[in-house]
Every structure is written in C-alpha cells, then in structure tokens.
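Let's take a friendly walk through one protein model, stopping at a hairpin, a sheet and some packed helices. Have a look at the picture before reading on.

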Amino acid sequence: MRVQRYIAGFAVVRYGVAVSSVAVAVLLALWLRPVVLAAAQLLLVAVLATGWISGLVPALVAWVLASVAFAHYFTPPFDAFTIEVAETPRVLIFSLLAALLAVMSAARRRSEDALRSAREELETRVRERTTELERSNNRLQEAVADAVATQHRFRDLVNSVDGIVWEADATTLQFSFVNSQAERILGYPVERWLSGPTFWKDHLHPEDREWAVPVRETAVGEKRDHDFEYRMIAADGRVVWLRDLVTLVLENDRVVRLRGVMVDVTERKRAEDERQARRWGVESMDRVHRAIQGANDLEPMMSDVLDATLSIFDCDRAWLLYPCDPEAPSHGVKMQRTRPEFPGRYRVGIELPMDRQTAAVLRTVRASSGPVRFGPDGDYPLAPDLAKSLGIQSRIVMALYPKGDQPYMFGLSQCSYPRIWTTQEELLFQAIGRRLADALTSLSIFRRLRESEKRYRYIFDSTGVAILEEDFSDVKATIDELRAGGVRDFRAYFAAHPEFVRHAARSVRIVDVNDAAVKLFAAGSKVELLISLNKISVPETRAAFVEVLVGLAEGRTSFEAEGVVQDLKGQRLTILFTLTFAPSSARLDSVLVTVMDITERKRAEYLTGHVFDSSPDAVYIVGRDYRYQRVNAAFERRWKLPAEKIVGMRVDALSGVAPFEETYKPNFDRCFGGQEASFVGWFPTPSGRRYLAATYSPLRPDSGRVDAALAITRDLTEHARASEALQQAQAELAHVTRVTTLGELTASIAHEVNQPLAAIVADANASLNWLAASQPELDSVREALDAIVKDGHRAADVIQRIRQLATRTVPQKTALAINDVIRDIVPLVGPEVRSHGVSLRLDLTPGLPPVLGDRVQLQQVLINFVMNGIEAMTSIDDRSRELLIRSQAHDGDAVLVAVQDAGVGIDPSSAEQMFSAFFTTKPGGMGMGLSISRSIIDAHGGRLWATSNPDHGATFHFVLPGVR
C-alpha cells in the first residue's frame, strides 16, 4: 500500500512502471520464445501489474506498448511490424484481452483506493455525521458500476469482431462462450451453441466431419495452436466456409480450454471455385479449338472434337447424331467416341429408321434453346426401355444448327453411373456445342466451295442465262490515263469524243461465252462470238455502252441496264444485262456479263399498260405516302378529273377524310404490310353514292418491301341494289315460314299460355277465399299474389316471343349469348315435344363467347331443326325418341350449335339437295325451311350442314363466329 501511495504521487514514476514492466516482460518472453511462443502472454501480466500499481492511464500506455511488442516480436513474421492475414485474429484477441486487463486492474485499484479512503475517514470521523458513511457507500457503488461498465465494453468489443469469437472445453468440445456474431453468421441462437458438447460436430458438413474432428483432436493432443478451414451447415441449410483460428489455454501443462475466432470465408472460397471453373472452361475450350483447327476436313474434325470432349468431361460416350429432325424417315450416328468398356450400340454411318421414342427426344431437343439433361435431377426422365437399349444411365444433349445444313444432335452419355450434370458442365457443353456448330458451318462451306469450283464450269456452260466473260483491261487503262490527265466529268467527255467510245467498244474482247449465249445470239459456235462487241451492236447499243463506261470510271462495282442489240442473223433483241466489276485496282480482264432476253417482257409490259389504260374497272396505283401515282381512264371518269390533276393527290383529299380513315387507310396499310386486301361498301363519289368492290394488291419491285399498292375497284351499284331487293324478298319468305311454323305450333303455344293463366285464376280464387275468412290469412294471400305476378310475367314472356317470331322486322344484329337463344325456344317447342313423346335434352357449354346475330332469325333456325327432328322420329317405336341440343366452342373463337335426333336419318340420294329451295321429303311440305335456315346462317357469316349419326338419326350443325 505504501508503495502504491508513493508511486501515485509521482507521474514520472507511474509511467516508468508502465515502460519498465513491459520491457521486463518483453525480455523474459524473448528469452523464452525459442522454447514456447505462448510466453508472450507475460505481456498481459505486465499490463495487469501496471494497472494495479500505477492506475488506468499508465495501464493504457502499457497496453499500447504490449500490443506493439506482441505484434513485432511474437507474431509471424517475427521482429517485423507486418502481420500475416492468418495471425490477425490472434493479434486482435491479444489486444482485446490486454485492454480488458488494463481496465479491470485499474478499476480494481480505484476500488481499493476508495475503500481505503472510506476506512480512514471512518476511523477519523467515526463520531461525525452518519452521512459520511453514505458518501463512502456511494463512491463504492460508482466503482462497482465502472467495473460492470468495463465488462460490458469488453463484451461489446468482442461482439463487434467480424467473426465468431468462442471458448470451449478442450476435452468435451462444448462451447462455454460465443459472441453474438455466431447467430448472424450461421443463424443458430447462442443458446444452441452452448446447449451440448456435440453442437460443433453435429453441424459440420458431412464431408468435412471425417477429417476436421481428428485434426482438432490431434492439435489438442500436441498442445499447439492451429487454424484450418471447413464447412458448417447453417440454420437455413446454407453451406458456410469457416476459417477457424484456435488458441490453447494451458493450466499446469494441461490443455483446459480452447479459444478461437471463426471467420466466414465463403465468398473467398466461392471466388476460388469460380476461378477454377473459369480456368477449366478456358483450358477445355482451348483444347476444342486446337482440335478444330488441326483438321481441314469434316470427319477428322468431328473425331478430334469428340475425343477432346470425352476427355474433358470424363464421360463414357461422346457422339453426333444426324439429322436432328423428328420428321426425317431415318437417322444415324455421324461420329462417336467411347471408352473401351462402353462401346456404342450403333455403328457410325448406319441409317436407322425413325422410331417414336427417338422422334420424341428430337422434338424435345429442338424445342430447347440450350442443353437438355436426361436422367436423375435432369430436365426430363430417361425412358427405361431407351436407357436399357442404349446401355446408358444419364446423358446431356443439344441441337446444333450449322448454316446451310440440317441440324445435328450433340450428346454425352454416362453408362457407368447415373451422373448429375453440374451447371458449369452444362455451360461448357453448350459453349463446345456452339463452337462445333460454327466449325461444321465453316467446313461445310469450305467443302461446298470446293465442290462449287468443280461445278462452276458446268454451271457456266449449262445455265439458262447467257453469260459472257469480257476483257475490259484496255478500256480501264485508257480511262485511268484520262483521269491522270485531269478528266473528271467523264459523261461530258464521252459525249464530246464519240470516237473514244467507238474505240473503247472495239477494245472490249469477249473471252468466253456459255451455251445459252451461243443460242441467244444465234451463233453456230462459241468461236463466232469470241470477237469484239461490234458484231452484236446496233446504233442504240452505244447509249447503254456509254453508261457502262461512266460506271467504270466512277468506280462502281456493278452495273445493270437495258439495251438493244442484234443477233448474228440481224434480229434485234431487247436485253437486260448486268456487269460485275472487280475493285478499282484489279485489271478487269475477266468481267462477267449476264444477258437476259427481255424482248417478250417488253411486249408484255406494253400489253399490260394497254390493259391498265383500257380496263372498264377503275385501276390505280397508290404509294406508301397515300398519294396516287397512276390512274386509268375509268378512274378519271368516276371522279370527273383528269389524270394530271389526280396524280400526286392524297387519297383522303379526293375521296374524303371519313372514308379514308375508316376504310381506305386500314386496307392500304394491310397491303403495304404484304397482304392482299379486299372490301366492298357504299362510298361517296361525284356521281353520288356508289357500291364499290375494291382489291388492293402489294407491288414489290423486288423481294423486299412493298413500295406501292395496285388497286382495282368495280362499280357494283346496280348489283347491290338487286341484291338488297333479293334479301328483302328472302326476309318476306322467312317471315311467312315463321308464321307457318307458328300455325303448326298453335295448339302447343295455347297450352303453354294456358298454364300460367290457369294458375293465375286458381291463385286469385284462393286469395278471395282467404280474404273472406273471419281472420284473413294475409301471409297466404301475399304468397298467392306473388305467384300471380310470376305467372303473369311467364305468360307475357311467351307472348313476347311469339310476337317476335310473328312480326316482320328488319334483322338487327347484336351480341347474343347463344345458350340464352337456345333456352328461349324451349318453352315454345315444349308442348310439341311432349305431345310426340320426345325427350328433349340440352348440353350447353358455359362461358362461350357471344355471337353477333339477329335473335329472331337464329330462333327460327333452331325451331326448324327441332321440328324436323320431331317429325323424323314420329315413326320410331323400337328406341327412345331423344332430341339433343348441344353448344360448344369450335376452332378458337367460333361457336357450334348442333341438334341431334334419333330418327330415320338422311337419305344419301337426297343429301346434296336437302338445302335447295322447294325440295322436300315431307308430304305437303314447302321445301323452304332448310333453304331459309342456310341463307340466315350464311348472312351471319357462318356455316350450316347436316351429317348422319353413327347409329341412328341425323345431326344438323351450324357454326357462327364469336365476338371478343
């Protein structure tokens, strides 16, 4: 105590104690370092002693000096201030422990000083006021609070370490302490870590448990610190890589505790795995590249690539199947490489017929944009019989699409065990497949190029187009001299020097011609044409030749024009010729000139123009800017304007904005999109409203985009008016037929209306009786009145339907639910059905799209079908008379309605005539019901037909387009 008091009075002495205690500890630890590295823990004693003797600030100085000395002298590399990454946790733990000891020793000293002062004051002021004792007690509590706060700060420091700081029993490996980072990194609460001795073993990765536990036990047995990396399974199933830096705590030369820090190195391990995978992929692709580049023919290249692939993936078979086409009649193994113990089941080059299972596999592979895995954990299961026949347990395949050839199927097979292909293997396999497809394309092109060289002469000689090989080298040399002499405007020069043009024409030599050219120019042999162009030239040829010279002077690579020449018999020909020049630096001693005889085409163009101008229909051409480019005389007469004024006008300026936006423009746009468009309708013209039928056809100068539309419109006004009169007559006839049908159903309708009327009378009489009672039964009266209202509505509905059928109205098409239309006719035909002993059944599909139609007309068609079906079953006694009305979807958005009976069926001899007007098989029948029904369905844009049932009776169908 006296020493502490003496030292506390002199600051120099207090800090001297800090320096000297650390120095002594360093010297002693360095002396012991060759024997045991743990002697560095003496520095903690120096920090503890300094805090005990000199207080907190000197203890912190000692802590700094001890941490620097520990890092410099006792952390590899020794005697240097650099620290290895693996030693960082150890240095951090030492620094934290030293700080804790410094703070705790200083706090303890302060506590003892406070207690001493309290005791001395108590002895000197024992008779003084009792409040002094309370003050001493308060100071004691503050000292204790400081110690607790120091402990909390230490725990916060430990919890702030980016790793799992832990302590465990050396024998049982049960954790006695883990910081809060344990729950963040692995997800298990701290209580789970401390709950039992097997937590660490139980949560090791199964593949690492076999070696990690013995490694730790060996290190403990050898009493050495150690660090190693292993995997643990997190609470959410993740695999976490940890680097564990372990320090042993010895007591009496016995390991009693283990302390360490587990650092999460999952990202580093993942990066290392990715680097290894990339390196493997790059090296594998390099092997494939060398295999491809080392062969100059198709079969050796495929063989080398498959050899490399077999080695890279360490699989049992690598193969190429051709063609990868499920519609092909046969297929075969184009090339394969296998391990000796797993030879291929089919020899290379053998054509096998396409079977159902192989075709299904090919469709699956063709439908995928990448590799497809068959087998365990694959995209598709491996068919057992196919696996048995091929002797495989899993495989990965993909389709290759070399340009200019049919697809191949590239695949790897594993026969020895059911292999699970990893994502990295799948990506590499896909890359090899794409590179192989490129190589197949290149070698196929090379092979075709060699074959094309052999065929060139044959094509040149046998093609149906005249080809001349001409030598323009002298002409090019002369033009180059003119350019060097300063000539720039060659067109003007050639116009001013016609002799140069004549000389150039004589300088062009015909080197070779094919048989078509000999025939075109009426020569006896090639020799007659192997001269200059003079023998086939006429005065009109000069203008075309001047254009060729201008194109050559301007450096153009090709030239196409029309011209006039003559054959060797003097017959004039109109030709289309094309010249292909080599680059300007070439000698132009081999220029190919293709010549086509367009004499007949020119005549046809003349005739076409004549037909265009003299057609009685309005014919015109409209460009993509909706402006007229050409019109004929009939178009001029219709719009009462000359062609000169119409050409250049927009369509909407002539026809009006409303017709253009509603009709003309949408159809022009379809035509400009490559489709032919047709429409009819009433349109305004200077002569009044006219009914016009128009057809727009796309005009393509070549196979590319549509440049204009050819429009032909015919005036069908008189025809339309006659058609309207015919439709009116048909409507009149349909009305008569409906009235006739209603006459036939009169008794049934009367019965249908009489039922609700009788119910109304009965309910009314009952109500009067209930009201006449001494105590009126009002509840019963209300129920009866409610029934009267319902029966009244029911009778009104029946009468309304009868009025709709009987009234002659203009057809009105609205969106209708076909099932509601069918249900509406059931009450009308119900009594007739029951009187004939017919069972009526409805099979209506819910959710059908609505149809656009006239409710009354469609009801008329259905009633015709039902009445025909009832009459067809009148004479049937040996089977049930069942009538079925069915609705269902048909071909997408269309709706089908069928009425099926069990009657006598359709006579094959009259099947073709049954829908004709005035044809009937019923005595007294008019023969108009089915004819009118077909007219109604046709007017609705639908289709009506009848078929015989497989057993008995017939079915009448009609289909209407749905509305979306």
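## A hairpin to start with

In the hairpin formed by β17 and β18, four residues lie between the strands, and Y626 has a positive phi near 65 degrees. The model is a predicted one: local features need pLDDT of at least 70, side-chain atom pairs count only at pLDDT 80 or more, and totals for chains, interfaces and linings use all residues. Residues are numbered from 1 along each chain as its sequence is written, and side-chain values use heavy atoms, with hydrogens and water left out.

The names of helices (H or I, at least four residues) and strands (E, at least two) come from DSSP runs, numbered from the N terminus. Strands of a sheet pair through backbone hydrogen bonds, either parallel or antiparallel. Here, two strands pair if DSSP finds at least two bridges between them.

Which strands does β17 pair with? One is β18 (residues 628–631), joined in the antiparallel sense over three bridges, where Y620 has V631 as its bridge partner. Another is β21 (residues 708–715), also antiparallel, with six bridges; there V619 stands opposite I712.

Is β17 (residues 618–623) mostly covered or mostly open? It is mostly covered, with six of its six residues buried (buried means under 20% relative accessible area, exposed over 50%, partly exposed in between, using a 1.4 Å probe and protein chains only). A618, Y620 and V622 point one way from the strand, while V619, I621 and G623 point the other way, and all are buried.

## A five-stranded sheet

Next comes an open sheet of five strands in the order β13-β12-β16-β15-β14, with antiparallel pairing. Because β13 (509–513) and β14 (558–566) are at the edges with a single partner strand each, one side of each has no neighbour in the sheet. From one strand to the next, the twist averages 30 degrees. Within this sheet, β15 (residues 572–580) and β16 (residues 591–597) pair antiparallel over six bridges, and I575 stands opposite D597 in β16. Helix α20 lies across β14 and β15, running at about 165 degrees to β14.

## Helices that meet

Two packed helices are described by the angle between their axes and the distance between the axes. Axes are lines fitted to C-alpha atoms, for helices over the stretch in contact, and angles run from 0 to 180 degrees between N-to-C directions. Contact means heavy atoms within 4.5 Å. Helix α16 takes part in both pairs below.

| Helix pair | Axes come within | Crossing angle |
|---|---|---|
| α16 and α20 | 10 Å | roughly 60 degrees |
| α16 and α18 | 8 Å | roughly 145 degrees |

Between α16 and α20, the contact is made by V475, K476, I479 and R483 of α16 together with L549, L552 and A553 of α20. Between α16 and α18, the residues are D474, V475, T478, I479 and L482 of α16 with F500, A504 and S507 of α18.

R502 belongs to α18 (residues 498–507). R502 is partly exposed because its relative accessible area is 46%. Although R502 and F545 are 43 residues apart in sequence, their C-alpha atoms are 9.7 Å apart in space.

## Two cysteines

How many disulfides does a search of the whole structure find? The search finds zero, where a disulfide is a pair of cysteine sulfur atoms within 2.5 Å. C324 counts as buried because its relative accessibility is 0%, and C671 is buried with a relative accessible area of 0%.
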